[in-house]
Amino acid sequence: MEPMALGRAVARVHTTTPLVHCITNYVTATDCANALLACGSSPIMSDEPMDVEDITSLCGALVLNIGTLNAQSIAGMRAAGAKATALGHPIVLDPVGAGASALRTETASELLDEYGVSVIRGNMSEVKALAGASATTRGVDADPADAVTDENLEQSAAFAKKVAARTGAVVAITGAIDVVADAERAFAIRNGSPLMGKITGAGCMLSCITGAFAAADDGALLESTVAAVASMGVAGQMAQARMGRADGSGTFRTYLIDALFHMNGDILEQHAMVKSI
Amino acid sequence: MEPMALGRAVARVHTTTPLVHCITNYVTATDCANALLACGSSPIMSDEPMDVEDITSLCGALVLNIGTLNAQSIAGMRAAGAKATALGHPIVLDPVGAGASALRTETASELLDEYGVSVIRGNMSEVKALAGASATTRGVDADPADAVTDENLEQSAAFAKKVAARTGAVVAITGAIDVVADAERAFAIRNGSPLMGKITGAGCMLSCITGAFAAADDGALLESTVAAVASMGVAGQMAQARMGRADGSGTFRTYLIDALFHMNGDILEQHAMVKSI
Amino acid sequence: MEPMALGRAVARVHTTTPLVHCITNYVTATDCANALLACGSSPIMSDEPMDVEDITSLCGALVLNIGTLNAQSIAGMRAAGAKATALGHPIVLDPVGAGASALRTETASELLDEYGVSVIRGNMSEVKALAGASATTRGVDADPADAVTDENLEQSAAFAKKVAARTGAVVAITGAIDVVADAERAFAIRNGSPLMGKITGAGCMLSCITGAFAAADDGALLESTVAAVASMGVAGQMAQARMGRADGSGTFRTYLIDALFHMNGDILEQHAMVKSI
C-alpha cells in the first residue's frame with residue numbers, strides 16, 4: 001500500500017467528519033468518544049432497542065463492541081445491525097472476549113452471520129474464537145499461536161485472509177504486529193507501543209476509529225482499515241515518546257488522545273510501517 | 001448581572017457542598033462526577049427505579065441527562081423526577097440528542113411536561129427540538145439558525161425567553177456564544193474554548209454543575225445558571241491557556257477539571273463575560 | 001506487620017498477573033480497569049447474568065461494587081457470587097452507598113450473607129450500615145463517629161474486628177486513617193492524600209486492587225488487603241507530590257494511575273505507614 005493512500009484516508013475523516021454510532025461497553029465508552037472526536041469524527045452512543053434505528057440512520061458507520069454486553073444491548077445491536085445493513089452502512093464488529101464465555105462467542109458469531117459486517121477488529125484469540133464459532137460445525141479451527149510474530153507472520157496472514165474470505169469482512173488482528181487482510185491481500189503493521197496493553201480501551205478506541213475511517217470511505221475498506229490501525233499505532237508511539245520518568249499508564253492514556261488529535265496525513269505517511277505480506 | 005452575583009454563586013457551592021443526584025449517560029458519567037467534585041459539590045449516580053427515590057431525597061438537586069437513555073433509566077428518571085418535584089428540588093434537564101431520535105425527543109418532552117424542571121441546558125438544536133415537541137401540535141417551530149451568532153443574538157434571546165415562559169424553566173442554550181434566559185431576562189456569555197467541542201461531556205458536565213449551583217441557591221435560578229455556565233466557560237479558557245504544543249484534547253480534558261478545581265469567586269468575577277441582551 | 005510482607009504482596013501481583021472479574025458501577029469502571037492494569041493485574045467487567053459464570057470461572061477474584069446497581073446487575077452479582085463462592089475465589093464487596101438507600105443496604109447485606117465474601121472495603125458509614133443491616137434484627141448498631149481519628153482509633157479497630165468476626169471477612173474501612181482488620185488483628189494505615197476524596201473512584205479502584213492482591217495470595221487475606229490499602233495510599237502521596245501550582249483534581253487522577261503503575265515492593269516498604277492497633 002502506498003503511503004499516500006494512508007494520508008488520504010486520514011484527510012478524508014477530517015474532511016467528512018463522519019458520525020459514528022457506537023454500541024460499546026461502559027468501561028471504555030468515554031475514551032472511545034474522545035478518540036473519535038480527536039480524529040475528526042463524532043460519536044453517538046445508543047444501545048436502547050427503541051432508540052438505535054433512528055440513531056444509526058443518521059450516522060455513517062456502526063460499531064458493535066460486546067465488551068459489556070447484556071440482554072438489552074444485544075437486542076440493541078440486533079436492531080441497529082439490521083438497520084445499518086439495510087442502509088448499506090459499514091459495520092465494525094469488535095468481539096471483545098469472544099472465547100471467554102459462551103454468550104460472547106455466540107453473540108459475536110450471530111452478529112457476524114446475520115448482519116453485513118464490514119470489518120472485524122480483535123486480538124488473535126478473539127478472532128480465532130469467532131472463526132471457530134462461525135464455522136458450520138462450530139468446531140475449533142487449527143490453533144495458530146495467539147501472538148503474531150515474525151515466525152508465524154505468513155501463517156497469520158493466511159488465517160486472516162481465510163476468515164476474510166469466509167465472512168466477506170476485512171479482518172484486523174491487532175497485537176505487537178498487526179495484520180489486516182481481505183480475502184486477497186494482507187498487510188503487516190509494525191507501529192504501536194507496549195503501553196497500549198497497559199491501558200484499557202486501546203482496542204475499543206481503534207475499532208471506533210476504524211468505523212470513522214470506513215464511514216469516510218466505504219469504497220476502500222482495506223485501505224481505510226490499514227490507515228486506522230496505523231494511525232492508532234503511530235499515536236501510541238508519539239504518546240510514548242513524550243513520557244517523562246514519573247509518567248505511567250495514566251499519562252500515556254492522555255497523550256494517546258493528544259496524539260490522535262494531532263494526527264494528519266503527513267505524520268501518518270512518515271511513520272506508518274506497513275508492509276504487504 | 002453584577003459580577004459579584006457570580007462570585008457569590010461559586011462561593012455558595014463551596015460553602016454548602018450540595019449533593020447532586022445524576023441520572024446521566026455512561027459515556028461521560030466519570031467526567032460529570034469529577035466535575036461536580038472539582039467545583040465543591042458531591043455526585044450520586046443512580047438510575048435504578050427501586051433506588052432513585054431514596055437517593056434523590058438525600059440530595060439538593062436532580063440532573064436528568066438522556067445521553068444513553070434506555071427503558072430502565074427512563075423509568076428511573078420518571079420515579080426520581082416525581083420525587084424531586086414533590087420535594088421541591090431543582091431539576092436540570094439535559095435533552096441530549098433531542099431531535100436525533102423519536103425516543104429522545106419524546107422522553108425529553110415528557111420529562112419537561114410532567115416534572116418540575118427548573119433548568120433546561122442544551123445546544124440550540126436540542127432546545128429547538130424540545131420546544132417543538134412540547135408544543136401542543138408537536139409541530140416544528142420556526143427554524144432559528146442553530147448557531148448563536150452576533151447577528152441572530154437578539155432573536156436567539158427571544159427564543160430562549162419564549163421557551164422559558166412556556167416551560168417555567170430557566171433556559172441555557174450553549175455554544176460559541178451561550179444564552180441563558182428566564183421569561184423576562186436574557187444574558188449572553190462569551191467565555192469558553194473551541195476545544196470544549198473536541199471532548200465528550202463538556203455539555204453534560206455543565207448540566208451537572210448547573211445542578212450543583214441550583215442546589216446551592218434555588219431561590220436565584222437565573223443567576224446561579226449564568227454563574228455555572230460562565231464557570232465552565234472560564235474553566236475552558238484557563239485549560240486552553242495552559243496547553244503546550246504537543247498537548248491536544250486529552251490534556252485539555254484533564255486541565256478543564258483542574259480549572260474547575262481552582263475556580264473561585266474572584267477568578268469568575270474577573271473573567272466572566274456576561275452581558276444582558 | 002513487617003514491611004517485607006507488604007513488598008512481597010505487591011511483587012506477587014506482578015508475578016501472577018491475576019485476572020479480576022469486576023461487577024462495578026459505570027461511573028468509575030474505566031479508572032478501575034486502568035488501576036488494575038497499572039498494578040499488574042487484568043480486569044474483566046461483566047454484569048449480565050448469562051455471562052458472569054463463564055467469566056468469573058476464568059478469574060482469580062471477584063469484586064462486587066453496588067455503586068450503580070440495578071435489577072440486572074444485582075442478578076449478575078448473585079450469579080457471579082454463587083459461582084465464585086463455589087470455586088473458592090476471593091470476593092471483595094464494596095457496599096457503595098449502603099445506608100443511603102434501602103435497596104443498597106439490603107443488596108449489600110444479602111450479598112454478604114449469601115456468598116463467601118472475603119473482604120469488605122468501604123468507608124465507615126457504609127460499613128456501619130452494612131453491619132447494622134446484617135444483624136438479625138436489622139436494628140442500627142451503636143453509632144461510632146464516622147471519621148476514624150486518633151481519638152476513636154481503638155474503638156474503630158474494635159468495631160472492625162467485630163464486623164470481621166461476625167462476617168468472616170477481612171474488613172477495610174478507609175478514610176483519613178484506614179483501618180484493616182480480621183477477627184483478631186487490626187492495623188491502622190496512615191498513607192493517602194486528601195485529594196483522593198476530590199476525585200471519583202478512589203475507593204472503587206482500591207476495592208478492585210484489593211481483589212487483585214487477594215487473587216495473588218488468597219491464603220493471606222489480611223496481609224494482602226493491608227498491602228493493597230497501603231499501595232493506594234502511597235500512590236496518592238506520590239501523585240500529590242508531583243503536582244504543580246495549576247494542577248488540580250484532573251491531573252491528580254492521572255498521576256494516581258501513574259503512581260500505581262510505578263509501585264513496587266521497595267517503594268511500598270519504604271513509604272507504607274502501617275501500625276498494629
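These notebook entries record what I looked up in a predicted model.

**Conventions.** I number residues from 1 along each chain as its sequence is written, and I letter chains from A and number ligands from 1 in the order in which they are written. Local features need pLDDT of at least 70, side-chain atom pairs count only at pLDDT 80 or more, totals for chains, interfaces and linings use all residues, and side-chain values use heavy atoms, with hydrogens and water left out.

**Entry 1: strand E5(B).** I began with strand E5 of chain B, residues 117-122; strands (E, at least two residues) and helices (H or I, at least four) are DSSP runs numbered from the N terminus. Six of the six residues of E5(B) are buried, that is, under 20% relative accessible area with a 1.4 Å probe, protein chains only.

**Entry 2: its neighbours.** Which strands pair with E5(B)? Strands pair if DSSP finds at least two bridges between them. I found E4(B), residues 91-94, joined to E5(B) in parallel by three bridges, with Val92(B) partnering Val119(B). Strand E6(B), residues 170-173, also runs parallel to E5(B), through four bridges; here Ile120(B) partners Val171(B).

**Entry 3: the crossover.** E4(B), helix H5(B) (residues 102-114) and E5(B) form a right-handed β-α-β unit: with the strands pointing away from the viewer, the path from the first strand over the helix to the second runs clockwise.

Definitions and conventions. Buried means under 20% relative accessible area, exposed over 50%, partly exposed in between (1.4 Å probe, protein chains only).
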